[in-house]
Amino acid sequence: MSKTRKLKIVLVGSSHASAMKFAWDELGPGFPDIEVNYLAGRQEKLNRIKIGDHMAWYAPDGEQLEEAEITDQYVQDYRAVLLSDADVVLHVGWSNDPAFLRDLMRRVNIDGMPHHGAKTLMSRPAFDAILQDYCQRSMLPDTWHGWTSKHVICVETPRRSEAILDSQNAPKRPDEPTAGYREVFDLACDRLENAMAQHAITFLRQPAHTLAQSGLTRRQYGIGSLRLRNGKHHPSQDLAHMNPDYGKQVWAAVLDKIQQCPTLHQH
């Protein structure tokens with residue numbers, strides 16, 4: 001990147017943004033030509049925030065955003081954040097959580113996918129309809145579609161740690177199979193990638209080397225995850241959030257995407 005000006009990234013996210021926030025705290029000094037700001041908080045609050053004129057991201061009806069839930073230099077009065085001068089808007093932890101796909105795979109065999117011991121067989125057309133609904137629910141709202149002046153990247157929500165297969169704190173079948181998990185997750189990503197591309201949104205898959213053979217996240221990345229609000233560790237039974245080492249892997253993928261975009265890597 002040239003030294004003309006800094007590349008500005010705004011990371012918008014749910015609690016899953018913590019892995020990337022704390023990773024960038026370590027990585028940032030090595031990238032003086034990149035400025036990263038954050039607007040992250042609980043998913044239910046993020047879902048109520050809207051895009052207004054001039055790319056202002058605001059809480060409806062003047063709702064006050066609690067300062068404790070926000071980590072962002074852009075926010076001045078905790079009511080609105082302007083995205084107009086950002087080069088990249090990075091969504092992390094949007095509603096593309098694949099946990100329900102694992103739950104489905106535990107209960108049924110899917111026609112055309114590797115089978116396990118489940119007694120129920122689901123037809124491929126029925127499964128395709130489920131994937132279509134998954135994509136619709138995972139899509140960013142219409143107000144994010146077709147942005148040409150900004151590069152919008154939506155990061156795949158991390159899959160559960162493979163520790164969920166042996167955890168005493170997570171519901172599972174005693175003989176839970178993993179045959180077909182990776183194929184189903186990858187197919188869902190294919191659909192999301194294609195669907196988002198139609199609206200000028202880049203869907204960024206979870207880095208392949210962070211995945212175990214089962215298609216779930218390698219357990220090493222689920223150990224030592226930190227809370228976004230205060231930096232304290234999540235309880236050991238939390239298998240959904242990932243640690244800063246995982247965040248570093250995602251940042252590497254994000255920066256690689258930026259390098260592939262001629263209008264961005266020239267900064």
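Reader: At what angle do helix H1 and helix H6 pack?

Author: Two packed helices are described by the angle between their axes and the distance between the axes. In this predicted model, H1 (residues 18-27) and H6 (residues 244-260) pack at about 80°, their axes lying 7 Å apart. H1 is therefore roughly perpendicular to H6, a label given to angles of 65 to 115 degrees. Axes are lines fitted to C-alpha atoms over the stretch in contact; helices are DSSP runs (H or I, at least four residues).

Reader: Which residues of H1 and H6 make the contact?

Author: Contact means heavy atoms within 4.5 Å. H1 contributes residues including Phe22, Trp24 and Leu27, and H6 residues including Tyr246, Trp251 and Leu255. By class, the contact has 12 nonpolar, 1 polar and 2 charged residues.

Reader: Which residues line the largest cavity?

Author: A cavity is a set of points on a 1 Å grid where a 1.4 Å probe fits but cannot get out, and lining residues have an atom within 4 Å of a point. The largest cavity holds about 70 Å³ of space, and its lining includes Ser18, Ala19, Met20, Tyr246 and Val250. H1 supplies the largest share of this lining, 3 residues.

Reader: How many salt bridges does the whole structure hold?

Author: Side chains of opposite charge can pair when their charged atoms come close. The criterion is a side-chain nitrogen of Lys or Arg within 4 Å of a carboxyl oxygen of Asp or Glu. The search finds 13 salt bridges. One of them joins Asp103 to Arg107, with the closest N and O atoms 2.3 Å apart. Because these two residues are 4 apart in helix H3 (residues 99-107), about one helical turn separates them.

Reader: Which conventions apply?

Author: Residues are numbered from 1 along each chain as its sequence is written, and side-chain values use heavy atoms, leaving out hydrogens and water. Local features need pLDDT of at least 70 and side-chain atom pairs pLDDT 80 or more, whereas totals for chains, interfaces and linings use all residues.

Methods. Axes are lines fitted to C-alpha atoms, for helices over the stretch in contact, and angles run from 0 to 180 degrees between N-to-C directions. Angles under 35 degrees count as roughly parallel, over 145 as roughly antiparallel, 65 to 115 as roughly perpendicular and the rest as oblique. Ala, Val, Leu, Ile, Met, Phe, Trp, Tyr, Cys and Pro count as nonpolar, Asp, Glu, Lys and Arg as charged, and the others, Gly among them, as polar. On a 1 Å grid over the protein atoms alone, a cavity is a set of points where a 1.4 Å probe fits but cannot get out, and a pocket is an open set with protein on both sides within 12 Å along at least five of seven lines; lining residues have an atom within 4 Å of a point. Grid points are joined across faces, edges and corners, and a volume is the space filled by probe spheres set on the points.
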